[in-house]
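Welcome! Take a moment to look over the sequence and turn the model around, and then we will walk through it together.

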Amino acid sequence: MRAITVPEPGGPEALVWAEVPDPEPGPREVIVDVRAGAVNRADLLQRQGHYPPP
């Protein structure tokens with residue numbers, strides 16, 4: 001599957017679109033098929049250290 005990974009600390013440029021192994025659900029867990037996702041401005045500012053985490 002494809003996922004956004006963070007191989008090293010940094011700003012938005014550190015986010016990498018990569019192929020990763022499919023997750024294996026544990027007992028009493030399910031896998032949800034996600035069709036779309038997003039990164040918002042607060043996420044990007046937080047990665048740059050300009051927005052405090054909640």
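How do the residues of the lining of the largest pocket divide into nonpolar, polar and charged? They divide into eleven nonpolar, one polar and two charged. Here Ala, Val, Leu, Ile, Met, Phe, Trp, Tyr, Cys and Pro count as nonpolar, Asp, Glu, Lys and Arg as charged, and the others, Gly among them, as polar.

Before going on, please keep in mind that this is a predicted model, where local features need pLDDT of at least 70, side-chain atom pairs count only at pLDDT 80 or more, and totals for chains, interfaces and linings use all residues. Residues are numbered from 1 along each chain as its sequence is written, and side-chain values use heavy atoms, with hydrogens and water left out.

**The pocket**

The largest pocket holds about 310 Å³ of space. Of its 14 lining residues, Met1, Arg2, Ala3, Trp17 and Val34 are the closest to its centre. A pocket is found on a 1 Å grid over the protein atoms alone, as an open set of points where a 1.4 Å probe fits, with protein on both sides within 12 Å along at least five of seven lines; lining residues have an atom within 4 Å of a point. Strand E1 (residues 2-5) gives the most to this lining, with three residues.

**The chain as a whole**

Helices (H or I, at least four residues) and strands (E, at least two) are DSSP runs, numbered from the N terminus. Along the principal axes, the C-alpha atoms fill a box of roughly 40 × 25 × 20 Å.

Of the 54 residues, 7% count as buried. Buried means under 20% relative accessible area, exposed over 50%, and partly exposed in between (1.4 Å probe, protein chains only).

| Residue | Relative accessibility | Class |
|---|---|---|
| Arg28 | 89% | exposed |
| Glu8 | 53% | exposed |
| Tyr51 | 42% | partly exposed |
| Gly26 | 24% | partly exposed |

Let us start with Arg28, found in the loop between strand E2 (16-19) and helix H1 (41-47). Its phi is near 65°, a positive value in a residue other than glycine. Most residues other than glycine have a negative phi.

Gly26 also has its place in the loop between E2 and H1. Its C-alpha atom is separated by 31 Å from that of Pro12, 14 residues apart along the chain.

Which residues does Glu8 touch, not counting those up to four places away in sequence? Glu8, in the loop between E1 and E2, touches Ala14 and Arg47. Contact means heavy atoms within 4.5 Å.

Finally, look for Tyr51 in the segment after H1. Leaving aside neighbours within four places in sequence, Tyr51 is in contact with Ala42, Leu45 and Gln46. The C-alpha atoms of Tyr51 and Pro7, 44 residues apart along the chain, are separated by 21 Å.

Definitions and conventions:
Grid points are joined across faces, edges and corners, and a volume is the space filled by probe spheres set on the points.
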